[in-house]
Amino acid sequence: MNFKINIEKDVIDLIKIYSNYQFEVGGMIFGTKIFNKYILKTLSLKKGESVSINFSMKDKIIYQLPEKQRIIGTWHLHPMQYKARPSIIDVNQWKKWKKKYIHIICTKNDFKIFDNKGMSLYEHNF
């Protein structure tokens, strides 16, 4: 299936700022999804540990949904990687979720968007 992804400049700016953290941070991706088109509008922030962050479906309840937006995925930083790629832990966690969210992994150099099976959908270099 072909995916179309539009990312608002503010989201790219936030990812670039967060990519400088020395520990894992992440959160939810908010936006809209119409058929196979995703529009990423904003991100929430959750602080993890020095080299790990965990998400569960229960995390959804801690975030206030922006008006006319919904959760369309998760994002998190891999501060030790040079090029963004999901770990096996990431992919296994994504596969357990009932909804087919998209997921951003970011490093200091780039970020990539993946589907719930770990397939790359989009790449952006800083």
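Colleague: Where does Ser-19 lie in the chain?

Modeller: Ser-19 belongs to the loop that runs between helix 1 (9-18) and strand 2 (25-34). Please bear in mind throughout that this is a predicted model.

Colleague: How should confidence be read, and where is it lowest and highest in the chain?

Modeller: Where pLDDT is low, predicted coordinates should not be read in detail. For this chain the average pLDDT is 84, and 83% of the residues reach at least 70. Confidence is lowest in strand 4 (residues 46-47), with a mean of 66, and highest in strand 7 (residues 110-114), with 96.

Colleague: Which pattern does the chain follow along the sequence?

Modeller: The chain contains two helices and eight strands, arranged along the sequence as β-α-β-β-β-β-α-β-β-β. Of the contacts with a separation of 6 or more, 63% join residues 24 or more positions apart. Buried residues make up 44% of the 126 residues. The chain exposes about 7,500 Å², and carbon and sulfur atoms supply 54% of that area.

Colleague: Which residues of helix 2 are buried, and which are exposed on the other side?

Modeller: In helix 2 (residues 88-96), the buried residues are Asp-90, Val-91, Gln-93 and Trp-94. Viewed down the axis, these residues fall within an arc of 165°, so they line one face of helix 2. Ile-88, Ile-89 and Lys-96 are exposed on the other side.

Colleague: What do the buried residues of helix 2 pack against?

Modeller: They pack against three strands: strand 5 (70-77), strand 6 (102-106) and strand 7.

Colleague: How many salt bridges does the count come to?

Modeller: Side chains of opposite charge can pair when their charged atoms come close. Here the count comes to four salt bridges. One of them joins Glu-8 to Lys-41, with the closest N and O atoms 4.0 Å apart. Glu-8 is in the loop between strand 1 (4-7) and helix 1, while Lys-41 is in strand 3 (residues 37-43), so this pair ties together parts 33 residues apart in sequence. Glu-8 is partly exposed at 35% relative accessible area, and Lys-41 is partly exposed at 30%.

Colleague: What separates Lys-9 and Asp-13 in helix 1?

Modeller: Lys-9 and Asp-13 are four residues apart in helix 1, and therefore about one helical turn separates them. Their side chains meet in a salt bridge of 2.8 Å, N to O. Lys-9 is exposed, at 58%, whereas Asp-13 is partly exposed, at 31%.

Colleague: Which residue forms a salt bridge with Asp-110?

Modeller: Lys-83 does so, the closest N and O atoms being 3.9 Å apart. This pair links distant parts of the chain, 27 residues apart: Lys-83 sits in the loop between strand 5 and helix 2, and Asp-110 in strand 7. Lys-83 is partly exposed, with a relative accessible area of 36%, while Asp-110 is buried, at 0%. Together with Glu-123, Lys-83 and Asp-110 are linked in a network of salt bridges.

Terms used: Residues numbered from 1 in each chain as written. Predicted model: local features only at pLDDT ≥ 70, side-chain atom pairs only at ≥ 80, totals over all residues. Heavy atoms only, no water. pLDDT = per-residue confidence, 0-100. Buried < 20%, exposed > 50% of the residue type's maximum accessible area, 1.4 Å probe, protein only. Arc of directions from axis to C-beta. Contact = heavy atoms within 4.5 Å. Areas by Shrake-Rupley, 256 points an atom, 1.4 Å probe, with all protein chains shown as cover.
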